[in-house]
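Q: Hi, I'm new to this one. Could you walk me through it in plain words?

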Amino acid sequence: MTRPIPTLLLALAVMLPLSLLAGRVWLDPWETPNAAIILGELRLPRALLAVVIGAGLGAAGAAMQGYLRNPLADPGLFGIAPGAALGAVASLWFGYAAGPWLLPLFALAGAAGAMALLALIAGRTGGIALFTLAGMMVASLAGALTSLAVSLAPNAFAMSQIVSWLMGALTDRGWPDVWLAAPLVLVGIALLAMAGRALDALTLGEAAARSLGVSPGRLQALLIAGVGLTVGSGVAVAGVIGFVGLIVPHLVRPLTDRRPSSLIVPSALAGALLVLVADVVCRILPLVTELRLGIALSLIGAPFFLWLLLRMRREAL
Amino acid sequence: MLEARDLVLASRLNGVSAQLRPGEITAICGPNGAGKSSLLQVLAGLLPPERGSVLLDDEQLAALHPRRRAQAIGYLPQSGEVAWDMSVRNLVALGRLPHADAGEAQVDRALAALDLRDFADRPVSTLSGGERGRALLARVLAGEPRWILADEPLAALDLAHQLALLEHLRRAARGGAGVVIVLHDLALAMNHANRVLVLDGGCCAADGPPELALSAGTVERVWGVPARWLGEPGGRALVAGSRPSSNSD
């Protein structure tokens with residue numbers, strides 16, 4: 001076991017300033033004209049947003065995998081990301097997305113709606129199976145309504161806006177997005193970290209966890225709120241970004257002592273690093289239009305995950 | 001004292017009452033579906049009974065804060081699940097969760113009590129079935145509960161490990177803990193328990209010292225199998241499927 005937190009913090013401290021210089025045009029802070037404005041108003045908020053969103057997704061993925069005791073669990077399973085996406089799509093559909101705050105607020109309302117529905121359906125019993133099924137149902141319903149909105153889009157422009165927003169990106173994001181997402185994601189990560197010890201107990205199964213004093217209802221409430229805030233606010237400012245919550249805990253787990261509680265903060269840091277690097281890759285690739293972050297992460301994530309599965313299979317043989 | 005008063009639980013328990021004493025090993029026996037695991041879970045405060053109550057030292061168990069209950073009662077489920085491949089030491093340290101401390105001294109004691117010191121840093125996945133069973137029991141012991149409730153802790157173990165684990169439980173009982181275990185092996189219950197509670201159809205069919213509670217007559221009545229006991233007290237063997245002869249039992 002190594003100590004992943006200082007290593008990841010160091011990597012972030014190196015990558016963050018480097019990422020500010022990288023882009024379609026590489027910046028020389030001393031030579032490039034208007035470098036201070038480009039850095040301060042465009043690249044710094046974008047980089048910070050990548051860090052914030054990645055941290056939220058990484059922590060949510062680690063908590064979800066701990067909660068479901070399954071390394072294949074992903075924050076999307078709870079239906080909060082699809083709920084937030086539906087909210088955002090609704091704002092685009094009705095043409096309310098012109099203001100800087102309206103789309104994220106609609107998305108947050110969608111996430112809150114999904115959280116409330118989850119709490120309503122599964123919150124009383126605290127049972128994990130029912131909770132997961134409820135999450136899948138919410139995800140499926142939100143996904144269907146989003147598809148409905150796309151298919152019934154009032155005009156081609158709205159449809160193109162919706163489709164491109166759903167792909168997830170950090171293009172043209174600014175400080176208002178950072179101020180909206182950062183506090184919510186930080187509170188979300190704190191809530192997930194608070195659930196750490198209960199997630200450790202859950203390693204032994206639901207009955208043993210309850211015998212160790214874990215309250216299933218409280219744990220579920222912490223997770224709904226924590227995943228809701230981290231994932232919901234991420235979707236609100238950047239669209240749907242997959243794979244981070246699935247891959248990052250996998251990458252980080254071998255560096256920890258494998259207790260779910262010791263995975264949450266390192267996963268947040270590694271998630272921040274991954275999204276930051278992926279966004280830099282999106283910016284520097286010489287394509288006609290910038291590659292969407294959600295697509296880039298899926299393009300990196302899916303083959304990587306396949307490789308991981310093949311390696312796991314080889315080790316199992 | 002852990003006391004069950006007239007426990008009723010949807011078609012699983014139909015009015016079970018028992019007073020369990022610390023310092024003893026109480027075995028809960030009965031055929032499949034008799035309600036053994038349900039009774040253990042109700043006694044551990046994990047399943048609320050529909051009627052009746054459980055009292056821990058004259059206090060209603062249901063009214064206790066979950067953490068206080070967890071400090072008093074250690075529960076070892078049948079599944080033996082360990083979802084993540086953590087080290088034995090970290091697994092055992094989970095027993096300290098109700099106390100919200102690292103409890104290194106208690107964890108070390110539990111590791112030593114179950115001869116696990118050499119395994120402390122090994123991942124759980126590298127343990128044999130017997131070592132894993134010991135590690136899971138050590139997790140319960142690390143919490144130093146006054147009551148140890150274990151659901152078929154011997155099920156996956158070979159004879160030597162069964163006897164070793166029973167010895168550990170006996171040691172815990174000698175140290176003042178109350179030990180309640182669900183057992184399928186009637187000979188182990190006969191030879192190692194201080195007291196046996198026989199359940200049948202959610203009711204208490206017999207309760208008392210093993211020689212009385214597990215008499216050949218009770219075995220035939222509850223399990224529907226003619227049987228007789230051979231050997232001396234403390235070293236009894238059950239011969240099932242044969243009518244008791246006049247000089248046995």
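**A chat about two chains**

A: Let's start with Ala100(B), which counts as exposed, with 11 C-beta neighbours inside 10 Å. Here 20 or more other C-beta atoms within 10 Å make a residue buried, 12 or fewer exposed, and anything in between partly exposed, with C-beta atoms placed from the backbone. This is a predicted model, where local features need pLDDT of at least 70 and side-chain atom pairs count only at pLDDT 80 or more, while totals for chains, interfaces and linings use all residues. Residues are numbered from 1 along each chain as its sequence is written, and chains are lettered from A and ligands numbered from 1 in the order written.

Q: OK, and where does Ala100(B) lie?

A: In the loop between helix H3 (88-93) and helix H4 (104-113) of chain B. Helices are DSSP runs of H or I with at least four residues, strands are E runs of at least two, and both are numbered from the N terminus. Ala100(B) also has a positive phi of about 55 degrees, although it is not a glycine. Most residues other than glycine have a negative phi.

Q: What is phi of Arg258(A) near?

A: Near 70 degrees, a positive value in another residue that is not glycine. Arg258(A) sits in the loop between helix H11 (244-252) and helix H12 (264-284) of chain A. Arg258(A) is partly exposed, with 19 other C-beta atoms within 10 Å.

Q: Switching topic: how many residues of chain B are in contact with chain A?

A: 21 residues of chain B, and they touch 18 residues of chain A. Contact means that the C-beta atoms, placed from the backbone, lie within 7 Å. On the chain B side, helix H2 (residues 66-72) gives the most, with four residues.

Q: What classes do the residues on that side of chain B divide into?

A: They are 13 nonpolar, four polar and four charged. Nonpolar covers Ala, Val, Leu, Ile, Met, Phe, Trp, Tyr, Cys and Pro, charged covers Asp, Glu, Lys and Arg, and the others, Gly among them, are polar.

Q: Back to chain A. At what angle do the axes of H2(A) and H7(A) cross?

A: Roughly 25 degrees, and the axes of H2 (residues 35-68) and H7 (residues 175-194) come within 9 Å. Axes are lines fitted to C-alpha atoms over the stretch in contact, and angles run from 0 to 180 degrees between N-to-C directions. H2(A) and H7(A) are therefore roughly parallel. Under 35 degrees counts as roughly parallel, over 145 as roughly antiparallel, 65 to 115 as roughly perpendicular, and the rest as oblique. The crossing is left-handed, meaning that the near helix is turned anticlockwise from the far one by less than a right angle, while clockwise would be right-handed.

Q: Which residues make that contact?

A: Among them are Val52(A), Gly56(A) and Ala59(A) of H2(A), and Ala181(A), Val185(A) and Gly188(A) of H7(A). By class, the contact has 16 nonpolar, two polar and one charged residues.

Q: How do the axes of H2(A) and H12(A) cross?

A: At roughly 140 degrees, with the axes coming within 6 Å. That makes H2(A) oblique to H12(A). H2(A) passes H12(A) in a right-handed crossing, and their contact has 18 nonpolar, five polar and two charged residues.

Q: Last one: what does the UniProt annotation "transmembrane region" cover?

A: The unreviewed entry puts it on several stretches of chain A, including residues 46-64 and 219-252. UniProt positions use the numbering here, feature names are shortened, and annotations may be inferred rather than shown by experiment. Residues 46-64 of chain A are 100% helix and 0% strand, with end C-alpha atoms 27 Å apart. For residues 219-252 of chain A, the span is 85% helix and 0% strand, and the end C-alpha atoms lie 23 Å apart.

How values were computed
Contact = placed C-beta atoms within 7 Å.
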